[in-house]
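Reader: Before we discuss particulars, please show me the model, and then state the terms and cut-offs as they come up.

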Amino acid sequence: MRIILFVIAMLCGISLQSKAQCPFPTGTPDGPCTGTPLTEGANVNTGDVFSYSGAAITLNNVNLSGGTIQVCGTLTIQNLNFNGGTIVVMAGGILTLPGVNLNTGSAITNHGTITVNGSLNVGGTNGMFINYGTANINGPFALSSTTADLVNASPTAVFNAPSQIVNLSGEMVNLGTFNVGVIDINGGADICLGPNSVVNTNELVNNDPDGVIV
């Protein structure tokens with residue numbers, strides 16, 4: 001079923017479930033950057049914490065394989081080998097990434113500003129993209145497993161992908177403002193819209209009659 005949406009209230013035309021709240025993973029809390037300084041070619045392995053807190057720089061190659069990268073400054077990573085682990089953008093931090101694939105146990109938490117200049121896939125077992133700040137997605141993105149989470153986690157959070165298609169198979173929670181070109185809801189997906197949240201989309205394709213929780 002295809003529905004052109006101009007007002008989010010039109011979601012009421014779909015079969016809806018009702019819940020008192022939207023449970024969701026909260027990601028990594030905001031805080032200072034305390035890790036080893038992140039440099040070109042860094043290998044961030046399980047148990048490692050690396051961070052960047054300086055003026056704007058570009059790193060061409062970073063390998064993340066189970067550790068944590070903290071961002072408090074302005075950082076662009078041109079080639080990120082993301083095999084697992086966690087990225088945390090603290091309040092005031094600005095991070096620009098190429099396409100990102102979040103697999104099992106991988107997570108990004110954004111309290112500042114994050115831009116993904118490519119595709120964003122959140123999948124595997126408990127892959128997570130948690131946004132408290134501003135997220136700009138400049139490529140297609142998908143929530144590709146039923147245990148993955150895509151969360152706009154505060155009333156001031158903004159998720160911008162106005163010309164993109166999102167394919168949802170997991171849980172999407174929106175407590176803020178969610179701007180996207182097309183929302184494609186697949187079987188097994190859950191969408192939870194918090195009080196006073198806003199969704200702006202040109203088109204909704206609903207393949208799961210029980211997929212929307214308001």
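Author: A disulfide is here a pair of cysteine sulfur atoms within 2.5 Å. The model is predicted, so local features need pLDDT of at least 70 and side-chain atom pairs count only at pLDDT 80 or more, while totals for chains, interfaces and linings use all residues. Residues are numbered from 1 along each chain as its sequence is written, and side-chain values use heavy atoms, with hydrogens and water left out.

Reader: What is the handedness of the disulfide of Cys 33 and Cys 72?
Author: A search of the whole structure finds 1 disulfide, formed by Cys 33 and Cys 72 with their sulfur atoms 2.1 Å apart. The torsion about the S-S bond of Cys 33 and Cys 72 is about 100 degrees, so this disulfide is right-handed.

Reader: Is Cys 72 buried or exposed, or partly exposed?
Author: Buried means under 20% relative accessible area, exposed over 50% and partly exposed in between, with a 1.4 Å probe and protein chains only. Cys 33, at a relative accessible area of 18%, is buried. Cys 72 has a relative accessible area of 24%, and therefore counts as partly exposed.

Reader: With which side chain does the side chain of Asn 152 make a polar contact?
Author: Asn 152 has a relative accessible area of 2% and is therefore buried. A polar contact is a pair of N or O atoms within 3.5 Å; within protein, one must be able to donate a hydrogen and the other to accept it, and residues adjacent in sequence count only if both atoms are side-chain atoms. At 3.1 Å, the side chain of Asn 152 makes such a contact with the side chain of Asn 174.
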